[in-house]
Amino acid sequence: MDFVFYTFEGSTTAPDGSDVENLQILGFEKADTYEIALKNLISKNDWIKEKGYDITQISWKAIIDNLLI
C-alpha cells in the first residue's frame, strides 16, 4: 500500500516572498502498514529530524488507486 506523510508544522514561501502557513508533504512510502512506511520514511530522510520536524506530529493517508482515503 502507498502512503503520503505530511505535517502542519512549518510554512512555505509564496512567489511574492511572504510566508504561507500550510501543510508540508514530507514524502511518500510503500509498505504493508503505515507504521512500517513511516519508519522507512524517517530512516531514508535524515533531513526530517535535522530540520526540526516533530515525528509525533506527522500525519498520513493511504493512497489506493491514486485516491486518498
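Leaving aside neighbours within four places in sequence, which residues is A31 in contact with? The contacts of A31 are M1, F3, I36, A37 and N40. Contact here means heavy atoms within 4.5 Å. A31 lies in the loop between β4 (24-30) and α1. With a relative accessible area of 10%, A31 is buried. Buried stands for under 20% relative accessible area, exposed for over 50%, and partly exposed for values in between (1.4 Å probe, protein chains only). The C-alpha atoms of A31 and S59 are separated by 16 Å, and the two residues are 28 apart along the chain.

The structure is a predicted model, in which local features need pLDDT of at least 70, side-chain atom pairs count only at pLDDT 80 or more, and totals for chains, interfaces and linings use all residues. Residues are numbered from 1 along each chain as its sequence is written, and side-chain values use heavy atoms, with hydrogens and water left out.

The overall fold comes next. The chain has two helices and six strands. Helices (H or I, at least four residues) and strands (E, at least two) are DSSP runs, numbered from the N terminus. From the N terminus on, the order of the elements is β-β-β-β-α-α-β-β. Taken along the principal axes, the C-alpha atoms fill a box of roughly 40 × 25 × 15 Å. The chain has 69 residues, and 29% of them count as buried. Contacts between residues at least 6 apart in sequence were also examined: 47% of these join residues at least 24 apart.

The accessible surface of the chain comes to about 5000 Å². Carbon and sulfur atoms hold 53% of that surface. The areas come from the Shrake-Rupley method with a 1.4 Å probe, and for residues only the protein chains shown count as cover. The chain has 6 positive and 12 negative side chains. Lys and Arg count as positive and Asp and Glu as negative, while His and the chain ends are not counted. The centres of the two sets lie 7 Å apart. Each charge is placed at NZ of Lys, CZ of Arg, CG of Asp or CD of Glu.

What lies in the interior? In soluble globular proteins, nonpolar side chains tend to be buried together. The largest nonpolar core of this chain has twelve residues: F3, F5, L26, A31, A37, L38, L41, I42, I48, Y53, I58 and A62. A nonpolar core is a set of buried Ala, Val, Leu, Ile, Met, Phe, Trp, Tyr and Cys residues joined through side-chain atoms within 4.5 Å. With four residues, α1 gives the most.

I48 is found in helix α2 (residues 47-50). I48 is buried, with a relative accessible area of 0%. Not counting residues up to four places away in sequence, I48 touches L26, L41, I42, Y53, I55 and I58. I48 and L26 are 22 residues apart in sequence, yet 7.5 Å apart in space, C-alpha to C-alpha. A62 is found in strand β5 (residues 59-64). At 5% relative accessibility, A62 counts as buried. A62 and E29 are 33 residues apart along the chain, and their C-alpha atoms are separated by 9.8 Å.

Aromatic rings were then compared. Rings of Phe, Tyr and Trp (its six-membered ring) pair if their centres lie within 6.5 Å; planes under 30 degrees apart count as stacked, over 60 as edge-to-face and the rest as tilted. By this rule there are five aromatic pairs. The rings of Y6 and F8 have centres 6.2 Å apart and planes at 75°, so this pair is edge-to-face. Y6 counts as buried at 14% relative accessibility, whereas F8 counts as exposed at 62%. The rings of W47 and Y53 are also edge-to-face, because their centres are 6.2 Å apart and their planes stand at 85°. W47 is partly exposed, with a relative accessible area of 33%. Y53 is buried at 19%. Ring pairs also link F3, F5, Y34 and W60 into a cluster.

F8 lies in the loop between β1 and β2 (11-13). Not counting residues up to four places away in sequence, F8 touches N22, L23 and S59. F8 and L41 are 33 residues apart in sequence and 17 Å apart in space, C-alpha to C-alpha.
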